[in-house]
Amino acid sequence: MNIQQALNIFGLSGELTEQDVKKAYKQAALKFHPDRNPVGAEMMKAVNAAFDFLMENIDRLNTAQSADNNASYNFGEELENVLNALQGMTGVIFEVAGNWIWISGDTKAHKDAIKALGCKWASKKQMWFYRPDEYKASRNRKEHSIDEIREMYGTTGQRKATGFQKVENRA
């Protein structure tokens, strides 16, 4: 994740202060509280990861943003829409790691709907994924296993449309 990607979780752009980031975080925390939002627990993973990253890099907040106006958009809203759609797919299991969604379970029956959401198939992981648009331009990323991704981003579980399922550590 970079600063622009973290800001996009909150839909923020322009000259920003630490207070602006904290205010956006509080608004997102209220909106995505699990008691108010069915996909709130998963959304809060992305919101917390973005907030932590921005706080760690608060001194570079205004210098590291993309100069391209098209790089700023509200990815939080987009992420919520995809999670809500996945929530309605019986047998589909999904989890948020950083600002990506990883999708597994009984996806064959929902293949066309998952594709229509903009998800891609990761053949080495045998899982679907959804990511922010800005990742699409990058080509030279190191290949990580799903367990390495979970460890990097601190995700502890997967959400099934019918409930919460713990992820077993395969170490």
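Colleague: How many bridges join E1 to strand E2, and how do the two strands run?

Modeller: This is a predicted model. In it, strand E2 covers residues 100–105 and is joined to E1 by bridges. The bridges number six, and the strands run antiparallel.

Colleague: Which residue in the hairpin of E1 and E2 takes a positive phi?

Modeller: The hairpin has two residues between the strands. A phi near 70° is found there, and the residue that takes it is Gly 98.

Colleague: How many residues of strand E1 are buried?

Modeller: E1 spans residues 92–97 and is mostly covered.

Colleague: Is Lys 125 buried or exposed?

Modeller: Lys 125 sits in the loop between strand E3 (120–122) and strand E4 (127–130). Leaving out residues up to four places away in sequence, Lys 125 touches Trp 102, Glu 143, His 144, Ser 145, Ile 146 and Ile 149. Its relative accessible area is 19%. Because the cut-off is under 20%, Lys 125 counts as buried.

Colleague: Which backbone oxygen does the side chain of Lys 125 reach?

Modeller: His 144 is among the residues that Lys 125 touches. The side chain of Lys 125 comes to 2.8 Å from a backbone oxygen, and that oxygen belongs to His 144.

Colleague: What is the relative accessible area of Glu 42?

Modeller: Glu 42 lies in helix H3, residues 40–56. Its side chain makes a polar contact of 3.1 Å with the side chain of Lys 45. Glu 42 is also one of the H3 residues that make the contact with H4. Glu 42 is buried, and its relative accessible area is 1%.

Colleague: How far apart are Glu 42 and Leu 79 in space, C-alpha to C-alpha?

Modeller: In sequence the two are 37 residues apart. In space, from C-alpha to C-alpha, the distance is 9.7 Å.

Colleague: At what angle do H3 and helix H4 pack?

Modeller: Helix H4 covers residues 75–87, and the axes of H3 and H4 are 10 Å apart. The angle between the helices is about 150°. An angle over 145 counts as roughly antiparallel, so H3 is roughly antiparallel to H4. The packing angle is about 150°.

Methods. Residues numbered from 1 in each chain as written. Predicted model: local features only at pLDDT ≥ 70, side-chain atom pairs only at ≥ 80, totals over all residues. Heavy atoms only, no water. Helix = DSSP H or I, 4+ residues; strand = E, 2+ residues; numbered from the N terminus. Buried < 20%, exposed > 50% of the residue type's maximum accessible area, 1.4 Å probe, protein only. Polar contact = N/O pair within 3.5 Å; in protein donor to acceptor, adjacent residues only side chain to side chain. Contact = heavy atoms within 4.5 Å. Pairing = 2+ DSSP bridges. Axes fitted to C-alpha atoms, helices over the stretch in contact; angles between N-to-C directions. Parallel < 35°, antiparallel > 145°, perpendicular 65-115°, else oblique.
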